Amino acid sequence: MQYPNSPKADVTDTYFGVTVPDPYRWLEALDSPETAAWVAAQNEVTFAYLGRIPFRDAIRQRLAALWNYERYGVPEQVGPELVFSKNDGLQNQAVVYRQRGADAPRVLLDPNQFSADGTTALADMAFSNDHRHLAYATSGGGSDWHRVRVLDLTTNQLLPEELEWVKVSGTSWTATGFYYSRYDAPGAGENDLSGKNEYHKVYFHELNTPQAADQLVYEDPARALGFRIASATEDERFLCLYLTDGRADGNRLLVRDLTDPAQANSWITLVESYEFNNTVIGNVGGEVPVYTNYRAPRYRVVRIDPRQPQEAHWHEVLPETENKLEGVSQVGGRLVANYLHDASSQVKVYSERGEFQYDVLLPAIGTASGFGGRRDAQVVYYAFTSFTYPTTIYRYDLAANVSTVFRAPAVDVNPADYETTQVFYPSKDGTQIPMFLVHRKGVVRNGRNPTYLYAYGGFNVSLTPGFSVARLLWLENGGILAVPNLRGGGEYGEAWHQAGMTPHKQNVFDDFIAAAEYLQAHRYTDAAHLALAGGSNGGLLVGAVVNQRPDLARVALPAVGVMDMLRYQKFTIGWNWAPEYGTSDDPAQFENLRRFSPLHNLRPGTAYPATLITTADHDDRVVPAHSFKYAATLQAANAGPHPTLIRIDVNAGHGAGKSTQLQIDEWADVWSFCYANMGVTPHGEQR
């Protein structure tokens, strides 16, 4: 391979007496002509390589055919109307509909009309409690920056105001407007896609007024980092304030009684510490039920009276159990609790006081989500999915404890042709790690099945079974999908999460390596037919593991990865990851990060796997400079015969809201790259 020229500059940083070269620092200047030329040259090489793969077009056509089915989102009852999203199949963005009774659905919002190329996505929706207005946020090109508009649901006309520079925000209504969070507009010369975001603030926006007139509700001029988010309870009595500090892994929790004029400018602290995650889920007789991992690593629900917020006065509503409590909603005068048992959903219904009522019968082992609604609801909706069970929407009668299918997709797949098993394997230190294995029934363990090993392992994120039409192509061609639940995730609660946080991040890499070794030892595959994949924190995972074990797999697929562990905190909201990783600003944490940072552990003269790095020019969460610098370094270091390429999407971001066409194109390239470098053609014929 002839790679584009990546000039090296004499740039270094010194950390606690240690000098660290950073020769590709110039690639952090995302708007520079030099970076733009480098991106264009890299894409030219990458797409020329991909274009020579003979079955690439056939894969893209098959993906488009598989993708072409109706997909529904979980409906929401808004007064007398049901609001839901639907994608007809190949629409770039799902359309939002409103439906009254048996009347024909009407279009409420069509994100495909937001931009000519379909890359502006609907990021959030919030309906006013009187059902008269909708505040919705849009994201352009996959950016985390949102614009908020307000739609009059009676006239279908937009209100004049447009809110900008909204990021990491909810939209929470009261009678005359809503609370939201934003940053100040970037200053002159600041890059809005890579600049560090500081001084998050909460505002109240009153309808039919310009953003400049919004009322500042909360700021902390002494604390540059941290998020500040406000949310009102459904009855609009309590305003809840969530504060993070960018150092600890949880949030402080404060409330204000909006019906008490004496509290107009004051807050009552319910949880002082930043160390624990705390979320108010409603109001029960002037007391707030709080979902928390305080004194409960697998989470519980307690009820706190703001008039007596001291812990001695708390009432436990749902105690911690042996299973992780993944989430709770207050709906229909009940609490619907979603538990995880070995990374699969178990849903239970309780009274608001915590008395058990019944289990929700789910159709299989998989993932249930939804169950939202108002306190007077009689019916709620939820989605159920598994690896080979296409996402199906159910209507759930709370009083009768009965689920009925609301919308079931017609997908070109027969779930009976496939099987999912869960195995447990020992990691390096003996910890048992669960892993889902999905493949066609009757697969032969011949030691050379193409296998896609995907993991995440961080930020308390639970990887649960879910249907992916893209992965279906891999499965129908005889491939194996392997999804281990590594430490660092949230599948077993906070202790499992902390076992993969700083300073224990190496556990995550060991878990992933052990998964690959298990697959090879049990003859599912071998190194020549194994692909390692992960995105964002999972991209870091792939990069770190490839450095530690370049012999482990034939293909590496790090997507939008955090690759420069010494500088990540200097861009956008990267500082928010400090509790997970630690930062190079601390001497002990610097040494830990330097040991596994993907960018800093590439070794010249090493034979690396065939690598397809994927990123996007509008990714302002994990800025593309991570992948740019990693690609330049990898191409210079690689001494093996396999290609090391970077594929850079234009007008796309970290992944959320990516158009259907961009997804199909990317997956066609990923699978083509895997097959070509494993020596396999689709339909299982090995070359």
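Is Cys 240 buried or exposed? Cys 240 is buried, and its relative accessible area is 2%. Keep in mind as you explore that this is a predicted model.

## Cysteines without bridges

Let's stay with the cysteines for a moment. A disulfide is a covalent bond between the sulfur atoms of two cysteines. How many disulfides does a search of the whole structure find? The search comes up with zero.

Cys 674 counts as buried because its relative accessibility is 0%, and buried means under 20%. Cys 240, at 2%, is buried too.

## The overall build

Now step back and look at the whole chain. The secondary structure comes to 10 helices and 41 strands. The radius of gyration is 25 Å, close to the 26 Å that the globule rule gives for 687 residues, so the protein is as compact as a globular protein of that length. If you follow the C-alpha trace along its principal axes, it spans about 70 × 60 × 50 Å.

What share of the 687 residues counts as buried? The figure is 59%. Contacts tell us about the fold as well: among those with a separation of 6 or more, 56% are between residues 24 or more positions apart.

## Surface and charge

## Backbone details to look up

Some spots in the backbone deserve a visit. Between Thr 502 and Pro 503 there is a cis peptide bond, with omega about 5°. Where is Pro 503 found? Look in the loop between helix 4 (494–498) and helix 5 (506–521).

Follow helix 5 onward and you come to the loop between helix 5 and strand 36 (530–535), the place of Arg 523. Arg 523 is not a glycine, yet its phi is positive, at about 60°. With a relative accessible area of 45%, Arg 523 is partly exposed.

Phe 16 also has a positive phi, near 50°, and is a residue other than glycine. You can find Phe 16 in the loop between strand 1 (12–15) and strand 2 (18–21).

Methods. Residues numbered from 1 in each chain as written. Predicted model: local features only at pLDDT ≥ 70, side-chain atom pairs only at ≥ 80, totals over all residues. Heavy atoms only, no water. Disulfide = S-S within 2.5 Å. Buried < 20%, exposed > 50% of the residue type's maximum accessible area, 1.4 Å probe, protein only. Helix = DSSP H or I, 4+ residues; strand = E, 2+ residues; numbered from the N terminus. Rg over C-alpha atoms; globule rule 2.2 N^0.38 Å. Contact = heavy atoms within 4.5 Å.
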